[in-house]
Amino acid sequence: MLPIMTIALLNKDNLLKKVGGCIKKCRQQKLELLTLLTPPGIYMEVCETLKNHHKVDRVRFGSQTIFVVEEMKIEVRKIDGYV
């Protein structure tokens with residue numbers, strides 16, 4: 001199993017700065033995968049922002065897209081609900 005950090009993004013404000021900080025923390029902890037949980041309302045915008053950034057590559061596995069920054073893998077998932 002990959003060592004994973006899971007972060008919930010509550011809004012899209014300063015998105016790239018937030019993601020950059022999370023990547024830095026992952027590297028410090030020697031983690032390999034960052035999972036970003038997003039509300040459905042900003043999911044597409046988060047994906048588009050990462051897709052269009054010049055330092056971010058994409059790999060598709062079936063219907064799932066994994067973003068890659070250098071050696072860090074980033075997965076973006078919609079939050080289905082809150083309890």
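Q: How do the residues of the lining of the largest pocket divide into nonpolar, polar and charged?
A: In this predicted model, the lining has five nonpolar, three polar and six charged residues. Asp, Glu, Lys and Arg count as charged. Arg60, one of the residues closest to the pocket's centre, is therefore in the charged class. Tyr43, Cys47 and Phe67 are also among the closest, and they count as nonpolar because Tyr, Cys and Phe are on the nonpolar list.

Q: Which element gives the most to the lining of the largest pocket?
A: Helix H2 does, with five residues. Strands E3, E4 and E5 each give two or more. The pocket's volume is about 230 Å³.

Q: Why is strand E2 called mostly covered?
A: Buried means under 20% relative accessible area. Five of the six residues of E2 are buried, so the strand is mostly covered.

Q: How do you know that E1 and E2 pair?
A: Pairing needs at least two bridges. E1 and E2 have five, in the parallel sense, so they pair. The chain crosses from E1 through H1 to E2, a right-handed β-α-β crossover.

Q: What makes E2 and E5 a pair?
A: Six bridges join these parallel strands. The cut-off is at least two, so E2 and E5 pair. Leu36 has Val76 in E5 as its bridge partner.

Methods. Residues numbered from 1 in each chain as written. Predicted model: local features only at pLDDT ≥ 70, side-chain atom pairs only at ≥ 80, totals over all residues. Heavy atoms only, no water. 1 Å grid on protein atoms, 1.4 Å probe; cavity = no way out; pocket = protein on both sides within 12 Å on 5 of 7 lines; lining within 4 Å. Points joined across faces, edges and corners; volume = space filled by probe spheres on them. Helix = DSSP H or I, 4+ residues; strand = E, 2+ residues; numbered from the N terminus. Buried < 20%, exposed > 50% of the residue type's maximum accessible area, 1.4 Å probe, protein only. Right-handed = clockwise from strand over helix to strand, strands pointing away.
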